[in-house]
Amino acid sequence: MDDARAVAVLRVTDAEASAEWYRRLGFTEEFRHQFEPGMPWYIGIRGGEAARLHLSEHRGDARPDTLVYLYVPDVDAVAAACGVTHIHDNPWAREFEVKDPDGNRIRVGTVPASRR
């Protein structure tokens, strides 16, 4: 399973608006799919080489209030882009948490150099 990877699917009400919101966390759109006009959207977004999320308007694909942990090289820069001023210094990471427009929790952190 050397080439295996996991992708979190988040339930959203407006996939296009959510994809735009995730831009400030460094994500860009990778693909979008709709079975036919008027059906729910499913949009894949990518942050860097390894981070991927799927934003789904389909009921039942995921539950609201999901938590995703996003590791980034510079948590302070991402916090500034999100308008966050309070960052927690924990033994495991320097981190903050925000909620996307649908209430999904995104915890963003940088692992201290001493723990890498």
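Visitor: What covers the buried residues of helix 1?

Guide: In this predicted model, the cover over the buried residues of helix 1 includes strand 1 (8-11), strand 3 (42-47), strand 4 (51-56), strand 7 (94-99) and strand 8 (105-110).

Visitor: And which residues of helix 1 are the buried ones?

Guide: Helix 1 runs over residues 15-22, and its buried residues are Ala15, Ser18, Ala19, Trp21 and Tyr22. They cover an arc of only 160° around the axis, and therefore they lie on the same side of helix 1.

Visitor: What happens at the start of helix 1, around Asp14?

Guide: There, a side-chain oxygen of Asp14 comes to within 3.2 Å of the backbone nitrogen of Glu16.

Visitor: Back to Tyr22, then: what is Tyr22 in contact with?

Guide: If we leave aside the neighbours within four places in sequence, Tyr22 is in contact with Leu10, Phe27, Ile45, Leu53, Leu55, Asp100 and Ile106. Tyr22 also belongs to the largest nonpolar core, which has 24 residues, and it is among the members that touch the most other members, along with Leu25, Ile45, Leu55, Phe96, Ile106 and Val108.

Visitor: Which elements give two or more residues to this core?

Guide: Those elements are helix 1, strand 3, strand 4, strand 5 (67-71), helix 2 (75-82), strand 7 and strand 8. As a general background, nonpolar side chains in soluble globular proteins tend to be buried together.

Visitor: New topic: what is the strand order in the open sheet?

Guide: The open sheet has four strands in the order 1-4-3-2, and the pairing is mixed. Strand 1 and strand 2 (28-33) are the edge strands, each pairing on one side only, and the twist from one strand to the next averages 25°.

Visitor: In what sense do strand 1 and strand 4 pair?

Guide: They pair in the parallel sense, over four bridges, and Val9, for example, has His54 in strand 4 as its bridge partner.

Visitor: What about Arg52, is it buried or exposed?

Guide: Arg52, which has its place in strand 4, counts as buried because its relative accessibility is 14%, and the cut-off for buried is under 20%.

Visitor: So what does the side chain of Arg52 reach?

Guide: The side chain of Arg52 reaches the backbone oxygen of Glu49 at 3.2 Å, and a polar contact of 3.2 Å also joins the side chains of Arg52 and Glu30. Apart from neighbours within four places in sequence, the residues in contact with Arg52 are Arg5, Val7, Ala8, Phe27, Glu30, Ile45 and Arg46.

How values were computed
Residues numbered from 1 in each chain as written. Predicted model: local features only at pLDDT ≥ 70, side-chain atom pairs only at ≥ 80, totals over all residues. Heavy atoms only, no water. Buried < 20%, exposed > 50% of the residue type's maximum accessible area, 1.4 Å probe, protein only. Arc of directions from axis to C-beta. Contact = heavy atoms within 4.5 Å. Polar contact = N/O pair within 3.5 Å; in protein donor to acceptor, adjacent residues only side chain to side chain. Pairing = 2+ DSSP bridges. Axes fitted to C-alpha atoms, helices over the stretch in contact; angles between N-to-C directions. Core = buried A, V, L, I, M, F, W, Y, C linked by side-chain atoms within 4.5 Å.
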